[in-house]
Amino acid sequence: MDEDDAPTLDQSVERLSFLGRFSLTARILAVNLLPLMVLGGGLFYIDSYRTQLIDERFKLARIEAQITAEALAGATRERQEALLVQIGKEQKMRLRMFDAEGLLWADSFVLDEDGPAFEFDDISDDTWNQQFARWMDRAVDAIVSAEAVTDYAEPGSETADAWPELVAAREEEVSQITLYEWRDGTPVITAAAPVGLRGATLLTTRNAVDITESVRAARSTLVIAVLVVLFASILLSLFLARTIVKPLRLLAGAAVRVRQGREREVEVPRLPERGDEIGLLARAVSDMTGALRHRIDAVDSFAADVAHEIKNPLASLRSAIESLPRVEDAETREKLTDIATHDVRRIDRLVSEISDASRIDAEMSRATLERLDLSDLVRAIIGSREDRAENRNREIILKTRGYAANVIGVGARLERVVENLLDNAVSFSPKDAPISVEIDNDGERVVLTVCDEGPGIPEDSREKVFHRFHSVRPDSEDFGNHSGLGLAIARAIAEAHDGALIAQGRTDSASGACLRLDLPAAA
């Protein structure tokens with residue numbers, strides 16, 4: 001299959017979209033109950049077990065009838081009567097013999113002085129359990145479309161012609177087996193067999209209660225097992241659904257409140273006690289909300305800082321422009337014009353830096369990362385700055401150590417970081433003082449360090465230099481030539497590359513400051 005033909009994630013989700021119509025609790029219950037429903041279907045297939053038992057009993061009845069008929073064929077009448085009684089008692093069945101004319105002349109129930117070997121159940125006094133068992137039998141038979149069985153009833157005539165199986169046995173001279181059903185649902189099996197060559201016939205009747213009891217016992221056991229497992233499965237499913245659905249609803253409610261603009265009032269549950277995917281999701285949502293709050297605070301703070309920084313040069317520009325019409329002195333007018341020009345350039349620089357700072361995150365999310373050699377990038381920047389005379393006669397000394405300084409990033413953005421670090425070092429370095437640039441790679445991290453010989457940065461102010469619009473410039477530089485965003489932009493770019501930018505003192509105890517850029521090395 002071509003790669004373009006492979007199903008996408010959206011297509012896979014669309015195919016399962018119909019599941020979204022049902023709640024998660026309903027789906028969990030359905031998944032857990034489906035196997036039980038399949039297991040419960042075994043109730044209906046127990047009917048095949050019943051059919052197998054009846055088939056086996058058919059074979060047994062045929063054999064019993066044939067053996068009994070053979071035993072009766074050569075015996076005297078007294079012996080025949082004794083055999084009928086004995087076999088009826090032992091096998092718990094009724095044996096009747098009919099003569100050649102089809103008249104009944106011997107019945108084990110009548111001959112036995114102890115009474116009938118078995119009795120049919122009187123369903124009028126059945127308990128509710130027995131009634132339910134019969135209802136279950138009928139329901140299963142209806143579902144599996146079981147073949148209807150003729151109800152058993154004693155014929156009004158005591159002749160062989162009243163029994164279809166006896167008629168068939170006499171005509172075909174072959175044993176005949178017939179299945180009936182008593183009112184309590186138990187099978188009644190009759191077997192008709194010819195006796196000798198004189199036309200006499202034998203009819204055996206057995207109420208196979210044990211088959212029904214065996215089937216009902218198996219069905220009852222399965223029903224009880226299914227009900228117990230069903231109850232346990234429902235409880236476990238509801239418990240599982242509760243442990244999943246409840247925290248998801250809490251997270252969804254928190255997300256809705258955040259969306260409605262009340263995020264300050266929302267405490268997103270982190271569920272630290274849960275180590276599963278729900279816990280991971282809760283902590284991810286909580287962290288996401290925290291990051292969102294931080295981003296909102298940063299935007300609010302940035303907007304306030306921008307308004308404050310632009311307000312000052314605008315006020316100065318407005319004052320200079322409003323004063324020009326009232327000033328006639330040429331020298332003063334020239335000074336006012338210079339102030340206005342300076343303020344315009346300052347505003348233009350601020351707007352450019354603010355625009356650049358606000359685009360960093362968006363540009364980094366869309367930029368294509370590439371493999372870069374940081375040493376080659378720094379060499380090219382140093383050479384370009386010397387050609388443009390931007391180093392102000394400061395010598396920049398580049399040293400490299402370790403492996404090749406390969407990193408993964410956006411070349412234009414890393415170039416901006418290096419330019420800002422060099423601009424800062426050039427601004428604070430005394431005249432003719434060299435600037436040291438060192439690049440070290442230990443195989444895991446690439447570290448670029450830019451050190452000057454200026455006054456240095458007090459330890460308690462080393463973090464403040466990265467704040468937006470924080471600008472402490474040398475006395476030799478004119479006010480307003482820097483926006484105070486250079487190092488803030490450089491740190492933002494470094495963090496977007498999974499790196500860091502910090503300020504520290506020189507390691508050789510000399511005067512000056514070092515800015516350290518730490519980036520992950522390319523594999």
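**View 1. The largest nonpolar core of the predicted model has 36 residues.** A nonpolar core is a set of buried Ala, Val, Leu, Ile, Met, Phe, Trp, Tyr and Cys residues joined through side-chain atoms within 4.5 Å. Buried means under 20% relative accessible area, exposed over 50%, and partly exposed in between (1.4 Å probe, protein chains only). Val378, Leu421, Leu422, Leu448, Val450 and Leu517 have the most contacts inside this core. At least two residues each come from α11 (374-387), α12 (411-428), β10, β11, α13, β12 and β13. The top contributor is α12, with 7 residues. Helices (H or I, at least four residues) and strands (E, at least two) are DSSP runs, numbered from the N terminus. In soluble globular proteins, nonpolar side chains tend to be buried together. This is a predicted model: local features need pLDDT of at least 70, side-chain atom pairs count only at pLDDT 80 or more, and totals for chains, interfaces and linings use all residues. Residues are numbered from 1 along each chain as its sequence is written, and side-chain values use heavy atoms, with hydrogens and water left out.

**View 2. Val378 and its contacts.** Which residues does Val378 touch, not counting residues up to four places away in sequence? They are Leu398, Val418, Val437, Ile439 and Leu448. Contact means heavy atoms within 4.5 Å.

**View 3. An open sheet of 5 strands, with mixed pairing.** The strand order is β8-β10-β11-β13-β12. Two strands pair if DSSP finds at least two bridges between them. β8 (396-402) and β12 (500-505) stand at the edges with a single partner strand each, so one side of each has no neighbour in the sheet. Neighbouring strands are turned by 15° against each other on average, direction ignored. Within the sheet, β10 (residues 435-441) and β11 (residues 445-451) pair in the antiparallel sense over 6 bridges. Asp440 has Val447 of β11 as its bridge partner.

**View 4. Helix α13 (residues 486-496) lies across β12 and β13 (513-520).** The helix runs at about 130° to β12. Axes are lines fitted to C-alpha atoms, for helices over the stretch in contact, and angles run from 0 to 180 degrees between N-to-C directions. The buried residues of α13 are Leu487, Ala488, Ile489, Ala490, Arg491, Ile493 and Ala494. Asp498 follows α13. This residue sits in the loop between α13 and β12. Its phi is positive, about 60°, although Asp498 is not a glycine. Asp498 is exposed, with a relative accessible area of 62%. Most residues other than glycine have a negative phi.

**View 5. Helices α6 (residues 128-143) and α8 (residues 209-259) cross at roughly 85°.** Their axes come within 11 Å. The two helices are therefore roughly perpendicular to each other. Angles of 65 to 115 degrees count as roughly perpendicular, under 35 as roughly parallel, over 145 as roughly antiparallel and the rest as oblique. From α6, the contact uses Ala133, Arg134, Met136, Asp137 and Val140. From α8, Thr212, Arg216 and Arg219 take part. These residues divide into 3 nonpolar, 1 polar and 4 charged. Here Ala, Val, Leu, Ile, Met, Phe, Trp, Tyr, Cys and Pro count as nonpolar, Asp, Glu, Lys and Arg as charged, and the others, Gly among them, as polar.

**View 6. Thr68 in helix α3 (residues 42-73).** Is Thr68 buried or exposed? Thr68 is buried, with a relative accessible area of 5%. Leaving out residues up to four places away in sequence, Thr68 touches Ile87, Leu95 and Leu202.

View 7. Strands β1 (residues 94-98) and β2 (residues 104-107) run antiparallel and are joined by 3 bridges. Arg96 has Asp107 of β2 as its bridge partner. Phi of Lys92 is near 55°, a positive value in a residue other than glycine. Lys92 is exposed, with a relative accessible area of 55%.

View 8. Of its 523 residues, 38% count as buried. Among contacts with a separation of 6 or more, 67% join residues 24 or more positions apart.
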